[in-house]
Amino acid sequence: MPTTSPAASGRRGPDRATRATGRIPSADRLRGLAHPVRMRLLAALRADGPSTATALAHRLDLNSGATSYHLRQLATYGFIVEAAEMGNRRDRFWLIDPAQ
């Protein structure tokens, strides 16, 4: 029986079973790094520590909405996590996943 790659099947991101177990296969996980903005965001978080989407957008000269989207994608793929102890209801701080 032929297997289909996630790209060929049109799937965007990890499936429900993968999200439920918290284990993302390597090939799927690499998709999280496929956009150059995400690489820049990871580099900024590694260099400067936790930050908000607005602060990162300003620092990298990006649109804050797009920055927020890419941060959520990085979180979906397990590269970053929300820093719940920082910020408030309006400002979400993101940091590199300590489990990495």
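This is a predicted model: local features need pLDDT of at least 70, side-chain atom pairs count only at pLDDT 80 or more; totals for chains, interfaces and linings use all residues.
Local features need pLDDT of at least 70, side-chain atom pairs count only at pLDDT 80 or more, and totals for chains, interfaces and linings use all residues. Residues are numbered from 1 along each chain as its sequence is written, and side-chain values use heavy atoms, with hydrogens and water left out.

The protein has five helices and three strands, taken as DSSP runs (H or I, at least four residues, for helices; E, at least two, for strands) numbered from the N terminus. Their order from the N terminus is α-α-α-β-α-α-β-β. Of the 100 residues, 31% are buried, that is, under 20% relative accessible area with a 1.4 Å probe, protein chains only.

Helix H3 (residues 36–48) packs on helix H4 (residues 53–60) at about 105°, the axes lying 11 Å apart. Axes are lines fitted to C-alpha atoms, for helices over the stretch in contact, and angles run from 0 to 180 degrees between N-to-C directions. H3 is therefore roughly perpendicular to H4 (65 to 115 degrees). Arg40, Leu41, Ala44, Leu45 and Asp48 of H3 meet Leu56, Arg59 and Leu60 of H4, contact being heavy atoms within 4.5 Å.

The three strands form an open sheet in the order S1-S3-S2, with antiparallel pairing; strands pair if DSSP finds at least two bridges between them. S1 (51–52) and S2 (80–82) are the edge strands, each pairing on one side only. Two bridges join S1 to S3 (residues 93–96), and Thr52 has Phe93 in S3 as its bridge partner. H3 also lies across S1, S2 and S3, at about 85° to S3.

Conventions: Angles under 35 degrees count as roughly parallel, over 145 as roughly antiparallel, 65 to 115 as roughly perpendicular and the rest as oblique. Buried means under 20% relative accessible area, exposed over 50%, partly exposed in between (1.4 Å probe, protein chains only).
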